[in-house]
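The following note sets out numbered points on the model shown below. Each point treats one topic.

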Amino acid sequence: MSAYPKSESINYDGLMQANLARVFGEHNPRRRIEAIRELYVEDAVLYEPHASAKGQAEISEAVTALLASLPPGFVFRSAGPAVGHHSVGRLRWSSGPPDGPAVVTGTDVAMFEAGRISSLYVFLDPTGT
């Protein structure tokens, strides 16, 4: 018998990949809010470097503003699988033109409650100087 308690059964990779594709990669507001309702707890908080949004509707509005600020056609890609433990997951990602190099890279760190995201911290990597 292990000295460690059994780990919770959160599918970190599945949930965080779905968040990247179905929330941050979704331009249709109706489909995005449906995904947010499925993936996030009701009073979840999104923490971006210079702003935060609380609740599913505000998170959707923040993503709408983010997508509007990016050049048309930019896509988000994961940079490998998400990993996690103790209800905290991490996913590295990049964004840029579909057939071009990454323009922005970063890491999402999510805290989970009952198998859904309760808070998401978005970290942007420094750009070259």
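Is E34 buried, partly exposed or exposed? E34 is partly exposed, because its relative accessible area is 41%, where buried means under 20%, exposed over 50% and partly exposed in between, with a 1.4 Å probe and protein chains only.

1. Basis. This is a predicted model, in which local features need pLDDT of at least 70 and side-chain atom pairs count only at pLDDT 80 or more, while totals for chains, interfaces and linings use all residues. Residues are numbered from 1 along each chain as its sequence is written, and side-chain values use heavy atoms, with hydrogens and water left out.

2. Salt bridges. The count is three, a salt bridge being a side-chain nitrogen of Lys or Arg within 4 Å of a carboxyl oxygen of Asp or Glu. E34 pairs with R30 at 3.0 Å, N to O; both residues lie in helix α2, four residues apart, about one turn of the helix. R30 counts as partly exposed because its relative accessibility is 49%. E38 and R22 form a salt bridge at 3.1 Å, N to O, which links helix α2 to helix α1 across 16 residues. E26 and R31 form a salt bridge in which the closest N and O atoms are 3.2 Å apart. E26 is buried, with a relative accessible area of 16%, whereas R31 is partly exposed at 41%.

3. Helix α1. Helices (H or I, at least four residues) and strands (E, at least two) are DSSP runs, numbered from the N terminus. Helix α1 covers residues 12-24, and its 13 residues reach 17 Å from first C-alpha to last, close to the expected 18 Å; the expected span is 1.5 Å times one less than the number of residues. Among the buried residues of α1 are Y12, L15, L20, V23 and F24.

4. Nonpolar core. A nonpolar core is a set of buried Ala, Val, Leu, Ile, Met, Phe, Trp, Tyr and Cys residues joined through side-chain atoms within 4.5 Å. The largest has 32 residues, of which V23, F24, Y40, L46, F112 and L120 touch the most other members. Helix α1 gives the most to this core, with seven residues. Leaving aside neighbours within four places in sequence, Y40 has contacts (heavy atoms within 4.5 Å) that include V23, F24, I59 and L120.

5. Strand pairing. Two strands pair if DSSP finds at least two bridges between them. β1 and β2 are antiparallel over four bridges and form a hairpin with two residues between them; Y47 stands opposite S52 in β2. β1 and β7 are parallel over four bridges, with L120 in β7 as the bridge partner of L46. β6 and β7 run antiparallel and are joined by eight bridges. In the hairpin of β6 and β7, A114 takes a positive phi near 50 degrees.

6. Aromatic pairs. Rings of Phe, Tyr and Trp (its six-membered ring) pair if their centres lie within 6.5 Å; planes under 30 degrees apart count as stacked, over 60 as edge-to-face and the rest as tilted. The count is four. F24 and F76 are edge-to-face, at 6.3 Å centre to centre and 70 degrees between the planes. This pair links helix α1 to strand β3, 52 residues apart. F76 and W93 have centres 5.6 Å apart and planes at 65 degrees, so this pair is edge-to-face. F76 and W93 are buried, and ring pairs link F24, F76 and W93 into a cluster.
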